[in-house]
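Me: I have a structure open and want a quick tour. Can you walk me through it?

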Amino acid sequence: MRSADTEFIGGPLDGRILPILLGPFNGVPKTYRVPVPAHGDVPAETLVYVRAKQHRGARWHWRYEFDGPASGHAPDPSAVTPEESGPTPE
C-alpha cells in the first residue's frame with residue numbers, strides 16, 4: 001500500500017512527520033487517533049488529530065492538527081488508529 005509523509009502540528013507529536021497509509025482514493029484519513037497507554041496514576045487516553053490542508057509551493061498537502069483527547073468527542077467510525085494502519089491481509 002502507498003503511504004504519504006504527513007506532518008503533525010500541536011500536541012505530543014508536534015513537528016513529527018510520520019508515514020500515513022493512504023485510502024482507496026490516495027488520501028489520508030480525516031482523523032488520526034493515537035492511543036496513549038496508562039502509566040502510574042495517569043489513565044489511558046486517546047489523542048485525536050484532525051486533517052487540515054497546507055499549501056506548500058504550488059501544491060496542497062495534508063497535515064494533522066491536534067484536536068485534544070478523545071474523551072469529549074463522539075466516536076468516529078472512519079478514524080484510523082496506528083494499529084489499523086498496518087498492512088492489510090489480501
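Me: What is the strand order in the open sheet?
Reply: The order is β2-β1-β5-β4-β3, five strands with mixed pairing. Strands are DSSP runs (E, at least two residues), numbered from the N terminus. Two strands pair if DSSP finds at least two bridges between them.

Me: Which are the edge strands?
Reply: β2 (17–21) and β3, each pairing on one side only.

Me: Before we go on, what am I looking at?
Reply: A predicted model: local features need pLDDT of at least 70, side-chain atom pairs count only at pLDDT 80 or more, and totals for chains, interfaces and linings use all residues. Residues are numbered from 1 along each chain as its sequence is written, and side-chain values use heavy atoms, with hydrogens and water left out.

Me: How do β1 and β5 run, parallel or antiparallel?
Reply: Parallel, with three bridges joining β1 (residues 3–9) to β5 (residues 59–69). Phe8 stands opposite Tyr64 in β5.

Me: Switching to the core. Which residues are in the largest nonpolar one?
Reply: It has 10 residues, including Phe8, Leu13, Val34, Tyr49 and Tyr64. β3 (31–36) and β4 (45–56) each supply at least two of this core's residues. A nonpolar core here means buried Ala, Val, Leu, Ile, Met, Phe, Trp, Tyr and Cys joined through side-chain atoms within 4.5 Å. Buried is under 20% relative accessible area, exposed over 50%, partly exposed in between (1.4 Å probe, protein chains only).

Me: What does Leu13 contact?
Reply: Phe8, Leu18, Val34 and Tyr49, leaving aside neighbours within four places in sequence. Contact means heavy atoms within 4.5 Å.

Me: How many salt bridges are there?
Reply: One in the whole structure. Glu65 forms a salt bridge with Arg63, closest N and O atoms 2.8 Å apart. The cut-off is a Lys or Arg side-chain nitrogen within 4 Å of an Asp or Glu carboxyl oxygen.

Definitions and conventions:
Helix = DSSP H or I, 4+ residues; strand = E, 2+ residues; numbered from the N terminus.
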